[in-house]
Amino acid sequence: MYSLDIKNLSKTYPSFKLDDVSFSIPQGYIMGFIGENGAGKTTTIKSMLNVIKRDCGDIIIFGRHIDEDELGIKSDIGYVSGESYYPKKTIREITKVVKRFFANWDDELYQSLLKRFNLNDKKRIDELSKGMQLKYLITVALSHHAKLLILDEPTSGLDPVARDDLLAVFQSIVENEEASILFSTHITSDVEKVADYVTFIKQGKIVESCSKDDLLDKYRLVNGTSDELSSIKDRLISYKTNVFGFNGLIKTENVDDQDTVKVGQPGLDDIMIYYANIEVKA
Amino acid sequence: MKNLIYKELTLSINKFFFFLPFVLAALMFIPNWIFTLVFMYFFWISVPQIFSAYLANADYQFSASLPVRRIDIVRSKSYALLILEGLHIISAVIFGLIHNVIYGSWNFFFDINLAFFGVGMLMYAVFNIIFLPMYFKTAHFFGKATLYGTIATLIYGFIFEFGVAKYAFMRDIFEGNAVTQAIVFGITLGLTVILNFIAIKQSEKRFMCVDL
């Protein structure tokens, strides 16, 4: 069963188009939603939650269509947009309001999570570091037993230690709460660390959406001399030349046994960068 | 819906704005004054502050993270505004009655009487029908909506204050006997309800198309 199933989601702005976006997250898994800045990650997330109005497309969460049971679905979701709300209010003041919206709010769990994350509920939001603010928002999401956490750029702006700490929290959520997580980011190393599935978006279109291992298996990094470039050029997704020759990205299926170039394993970073570089090749 | 109104009254709107009506109503103690101004401070002080705080606190993003309907976001904010306007009316009634006990009811401009409070109520509704639909078209820009609403209420207030001071027929209607005043109050109350109803419905319609 899928926690989230998006089909043919589209949204058109004068200067940007989210074009026929489709992907799904199996229950109990973490999906990294990657793409460069302005690729459409936030627009996708906001469109699927009706925060912005989509032009078309079906959003099915826990088997229910969002247009038919928006309130019920949102009660089962924890949405963290990465922005901090009411910075001059204390954690206690905000929670007092938020908990009223969730019928299955678990105060005992909330208190235990505050302790676990070392959060003092007398502190104002702007007294917390970015990492602690995120932990508070995650605490709120978990305290109403959210089955799906949607986090928009949760790790951007955090130092490596705070990011690692947060990623460990994600993993424990999936293990202990059996929840699914969709988190968007342009920091691909975070995705490589914790995600089971990856969806890659570029200029409003989905390039890939599959398991992380499958995605990495689909591509190869190649490098060779300028002479070798001419024989492989047409099969490359994109490439960069340098004084020694070239580096490029190729689909694994397009690698030929006859090729003399060096072939290596790309990271998500490489795949994203070479896709961004397609215009250079053209 | 109940929870959203609770959010507005306890989290979104600063407590200061619930005390302000009582502080401003003390202006009713000024003898021989243009008392419709007492109601207008709400447009000049409270409205811009409250609606800029929504921006500063990322209130709509906060609301979007909660399981609520869009329509209820509009209604809760509109009802909170009506509650504040109600507080201004109630406090003005209290201080107005005291004013009349101290100074008597005669005023060069509009007397403090039942018709005056009806006209005051309708002034809030005039502001609401301009401000709310214009604001909820973006749920972001409140400056132009506040300005237009304020200009309309200044003209509205001027018509009544000047009219009562200048023309006998207006004095007969708005400062007449208790029955005439009750009729004026009844009509303004009815118009207030209708205008606020239209203002909220229009706002709901416009907010449906807003990308938060």
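Predicted model: local features only at pLDDT ≥ 70, side-chain atom pairs only at ≥ 80, totals over all residues.
Strand S9 of chain A, residues 197-202, is mostly covered, with five of its six residues buried. Two strands pair with S9(A). Strand S3 of chain A, residues 30-34, runs parallel to S9(A) and is joined to it by four bridges. Within that pairing, Gly32(A) stands opposite Val198(A). Strand S10 of chain A, residues 205-211, pairs with S9(A) in the antiparallel sense, over six bridges. Here Ile201(A) has Ile206(A) as its bridge partner in S10(A).

Most residues other than glycine have a negative phi. Asn50(A) sits in the loop between H1 and S4 of chain A. Is Asn50(A) buried, exposed or partly exposed? Asn50(A) has 18 other C-beta atoms within 10 Å, so it counts as partly exposed. The cut-off for a buried residue is 20 or more such atoms.

Asn118(A) is another case. Its phi is near 60°, again a positive value in a residue other than glycine. Asn118(A) belongs to the loop between helix H4 (107-116) and helix H5 (130-143) of chain A. Asn118(A) has 8 other C-beta atoms within 10 Å, and is therefore exposed.

Now turn to a sheet in chain A. Four strands form an open sheet, in the order S2-S1-S4-S5, with antiparallel pairing. Which strands lie at the edges of this sheet? They are strand S2 (17-26) and strand S5 (64-65) of chain A, each of which pairs on one side only. Strand S1 of chain A, residues 2-12, is joined to S2(A) by seven bridges, and the two run antiparallel. One of the paired positions is Thr12(A), whose bridge partner in S2(A) is Lys17(A).

Helix H1 of chain A, residues 41-48, touches S1, S2 and strand S4 (56-61) of chain A. The direction of H1(A) makes about 110° with that of S1(A). The loop that holds Asn50(A) runs between this helix and S4(A).

Step back to chain A as a whole. Its secondary structure comes to eleven helices and 14 strands. Its C-alpha atoms fill a box of roughly 70 × 40 × 35 Å along the principal axes. Of the 282 residues in chain A, 40% are buried. What share of the contacts between residues at least 6 apart in sequence joins residues at least 24 apart? In chain A that share is 71%.

Helix H3 of chain B, residues 36-56, packs with helix H7 of chain B, residues 143-166. Their axes are 10 Å apart, and the angle is about 175°. That angle makes H3(B) roughly antiparallel to H7(B), because angles over 145 degrees count as such. From H3(B), the residues that make the contact include Met40(B), Phe43(B), Trp44(B) and Val47(B). From H7(B), they include Gly149(B), Thr153(B), Gly157(B) and Phe160(B). By class, the contact residues divide into six nonpolar, six polar and one charged.

Confidence in chain B can be read by element. The chain averages a pLDDT of 93, and 100% of its residues score at least 70. Where in chain B is confidence lowest, and where is it highest? The lowest is in helix H8 of chain B, residues 168-174, at a mean of 89. The highest is in helix H6 of chain B, residues 114-135, at 96.

Last comes the place where the two chains meet. There, 18 residues of chain B are in contact with 17 residues of chain A. On the side of chain B that touches chain A, helix H1 (2-12) and helix H4 (59-64) of chain B each supply at least two residues. The largest share, five residues, comes from H1(B). The residues on this side of chain B divide into ten nonpolar, five polar and three charged. For the complex, the predictor gives an ipTM of 0.84 and a pTM of 0.85.

Technical notes: Residues numbered from 1 in each chain as written. Chains lettered and ligands numbered in written order. Contact = placed C-beta atoms within 7 Å. Nonpolar A, V, L, I, M, F, W, Y, C, P; charged D, E, K, R; others polar. Pairing = 2+ DSSP bridges. Axes fitted to C-alpha atoms, helices over the stretch in contact; angles between N-to-C directions. pLDDT = per-residue confidence, 0-100. Parallel < 35°, antiparallel > 145°, perpendicular 65-115°, else oblique. Buried ≥ 20, exposed ≤ 12 C-beta atoms within 10 Å, placed from the backbone.
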